[in-house]
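I opened the model to look up a few things and kept notes as I went. The entries follow in the order I made them.

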Amino acid sequence: MFSPPTLDELFAASHVVSLPMRTKFRGVMEREVMLFDGPAGWSEFGPFLEYGDLEAVRWLASAVEAGWLGYPEPVRQWVPINATLPAVPVELVPEVLGAFDGVHTVKIKVAEPGESLRDDAARVGAVRHLLPEAKIRIDANAGWTVPQAVAALRMLSVFDLEYAEQPVATVPEMAAVRRAMGGSVLIAADESVRKVSDPLAVARAGAADLIVVKAAPLGGVGRALDIVAEAGLPAVVSSALDSSVGIRTGLALAAALPELPFACGLGTVALMAGDVTGTSLLASVGGMSVRDVTADPDRLEYFAAAPERQQWWRERLRRCQALL
Ligand SMILES: O=C(O)CCC(=O)C1=CC=C[C@@H](O)[C@@H]1C(=O)O
Ligand SMILES: [Mg+2]
């Protein structure tokens, strides 16, 4: 029987770092996470700062599973990876994509607050121009209403989209967009899987063609594998903007899924200007080999968060551990 770590064991294994970003992503220029040096390997607890404890506790379950139990047997040793393009101005597109090696698939953020469909079309068009053969997927992070999504997808489909991720917020809205598009653009569910009490509702409602799965928000690799099996839909593994330690967990999920029909969004360390290891998990020639990651003590010290932020994370850990 697995006996989970006590709070004292978690405290003793923990390190809080603040990693600088190269490009603003989710509106932030730095990513704070807590890492654990667990008996089964390094693991990451990095719910975004604004998340409440009930959501954050799933990220802790994932970190405990990874650090104290380890990962399931991989069924593949290499995972195809997409480049991720934040909602940057068009003139920055070549530079941001230049950080990714061997780009066959690009995920582009669209529907950013304060931006217009014209900005989205310019960004997607710039990628299509730069990479005529690449697969292009877009992610609206629920930024559109149903009519806006239908209009946007009709317009952006001229650039040939692999799929559109979370165009709208709710499951019924996702179903409405999917119906309206009639299969001309595939619909992927992200927030409708990872931020809801029932991650299978979207599949049951026939509201998506595929699901995006992220190990930490779903409570770990084991639970994510179960969700994919039960959903019965193709799955894309993606990151939560993690350090290489957290990416390792996503990689374990991608490596263990019986089918992996899409490139995975695990290349996001390329968007960061600092990492906890000198051998970052970065894609090369469009993919990543499955391997372990160890945090480097010098980097943990160099990127250590300010004392008051460490305290904030310890309080969060205390509250979430009580909810596990
Ligand atoms: O899937 C990818 O290409 C990268 C990961 C990614 O886009 C995300 C990571 C973390 C938070 C999210 O806002 C975002 C997403 O919505 O998928
Ligand atoms: Mg998404």
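Predicted model: local features only at pLDDT ≥ 70, side-chain atom pairs only at ≥ 80, totals over all residues.

**Entry 1: ligand 1**

I found 13 residues around ligand 1, and Thr84, Lys107, Ser238, Leu241 and Gly265 come nearest. I sorted the shell around ligand 1 by class and got 2 nonpolar, 7 polar and 4 charged residues.

**Entry 2: annotated positions**

Which residues does the UniProt annotation "binding site" cover? The unreviewed entry gives Asp139, Glu165 and Asp190.

I looked up Glu165 next. Glu165 is in strand β8, residues 161-165. Is Glu165 buried or exposed? I noted 28 other C-beta atoms within 10 Å of Glu165, and because 20 or more count as buried, Glu165 is buried. Leaving out residues up to four places away in sequence, Glu165 touches Arg137, Ile138, Asp139, Ala140, Ala188, Asp190 and Val212.

Asp190 lies in a loop, between β9 (187-189) and α7 (191-194). I put Asp190 down as buried too, with 23 other C-beta atoms within 10 Å. With the sequence neighbours up to four places away left out, Asp190 touches Glu165, Gln166 and Val212.

**Entry 3: Arg137**

Arg137 is found in strand β7, residues 135-139. I counted Arg137 as buried, because it has 24 C-beta neighbours inside 10 Å. Beyond four places in sequence, Arg137 touches Thr105, Lys107, Leu161, Glu162, Tyr163 and Glu165. Lys107 was already in my notes as one of the residues nearest ligand 1. I also took a distance from Arg137 to Leu60: they are 77 residues apart in sequence and 30 Å apart in space, C-alpha to C-alpha.

**Entry 4: the two domains**

I read the division as domain 1 (7-71 + 298-323) and domain 2 (78-295). Their centres, taken over C-alpha atoms, are 23 Å apart. The contact takes 27 residues from domain 1 and 31 residues from domain 2.

Which elements give two or more residues to the domain 1 side? I listed β1 (14-25), β2 (28-38), β3 (41-45), α2 (53-69) and α11 (297-302). β1 gives the most to that side, with 8 residues. By class, I have the domain 1 side as 14 nonpolar, 5 polar and 8 charged residues.

Key:
Residues numbered from 1 in each chain as written. Chains lettered and ligands numbered in written order. Domains from an automatic or database assignment. Contact = placed C-beta atoms within 7 Å. Helix = DSSP H or I, 4+ residues; strand = E, 2+ residues; numbered from the N terminus. Nonpolar A, V, L, I, M, F, W, Y, C, P; charged D, E, K, R; others polar. Near = placed C-beta within 6 Å. Buried ≥ 20, exposed ≤ 12 C-beta atoms within 10 Å, placed from the backbone. UniProt positions renumbered as here; feature names shortened; annotations may be inferred.
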